[in-house]
Amino acid sequence: MITITEFQKIGVGLSGFGMFFVLFGILLYFDSVLLAFGNILFLSGLAFIIGLRRTAHFFFQRQKLRSSAFFLGGVALVLLRWPRIGMLVETYGFVLLFKSFFPMAFGFLATVLNIPFLTTILNRLSGSSSSMV
């Protein structure tokens, strides 16, 4: 069984609040203060969950430098109060950074959600097949 430390629990909370503030900032027509606060909370939560050294290693790997530059550049643009452009740049960087994680997440959602139509869509996105043959 995997043990979760107190720092990781705090990190999950920070990341959750960060995603909430980002979504809330988008719903309120790209409010730059909420988006900036959400970005800071998400990044600090990620550092709490996997550690500061692993977070730096994740963002500054040679093959991920371009996507990290887009993601962190988008965060910087949001902090400089250019929320629409910053969120576009940040979203592009986020997709590039976490594109290897998406099939696993879609596969997990397909197993958790047992809705026939949604399960077939998620299985196609994850690249797995639910066929018994």
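Which residues in helix 2 meet which residues in helix 4?

## Helix 2 and helix 4

In this predicted model, S32, L35, A36, N39, I40, F42 and L43 of helix 2 meet F71, L72, V75, V78 and L79 of helix 4. Contact means heavy atoms within 4.5 Å. By class, this contact has 10 nonpolar, two polar and no charged residues. Ala, Val, Leu, Ile, Met, Phe, Trp, Tyr, Cys and Pro count as nonpolar; Asp, Glu, Lys and Arg as charged; the others, Gly among them, as polar.

The axes of helix 2 and helix 4 (residues 65-79) come within 8 Å and cross at roughly 140°. Axes are lines fitted to C-alpha atoms, for helices over the stretch in contact, with angles from 0 to 180 degrees between N-to-C directions. Helix 2 and helix 4 are therefore oblique to each other. Angles under 35 degrees count as roughly parallel, over 145 as roughly antiparallel, 65 to 115 as roughly perpendicular and the rest as oblique. The crossing of helix 2 and helix 4 is left-handed, that is, the near helix is turned anticlockwise from the far one by less than a right angle.

## Basis and fold

Residues are numbered from 1 along each chain as its sequence is written, and side-chain values use heavy atoms, without hydrogens and water. Local features need pLDDT of at least 70, side-chain atom pairs count only at pLDDT 80 or more, and totals for chains, interfaces and linings use all residues.

The chain has seven helices and zero strands. Helices (H or I, at least four residues) and strands (E, at least two) are DSSP runs, numbered from the N terminus. The C-alpha trace spans about 55 × 35 × 30 Å along its principal axes.

## Other partners of helix 2

Helix 1 and helix 2 have axes that come within 7 Å and cross at roughly 160°. They are therefore roughly antiparallel to each other. Their contact divides into 18 nonpolar, nine polar and no charged residues.

The axes of helix 2 and helix 3 (residues 52-59) come within 6 Å and cross at roughly 115°. L43, L46, A47 and I50 of helix 2 make this contact with L52, R54, T55 and F59 of helix 3. Its classes are six nonpolar, one polar and one charged.

## Largest pocket

The largest pocket holds about 650 Å³ of space. A pocket is an open set of points on a 1 Å grid over the protein atoms alone, where a 1.4 Å probe fits, with protein on both sides within 12 Å along at least five of seven lines; lining residues have an atom within 4 Å of a point. Points are joined across faces, edges and corners, and volume is the space filled by probe spheres set on them.

Of the 29 lining residues, M19, F42, F71, F94 and F98 are the closest to the centre. The lining divides into 19 nonpolar, seven polar and three charged residues. Helix 1 gives the most, with eight residues.
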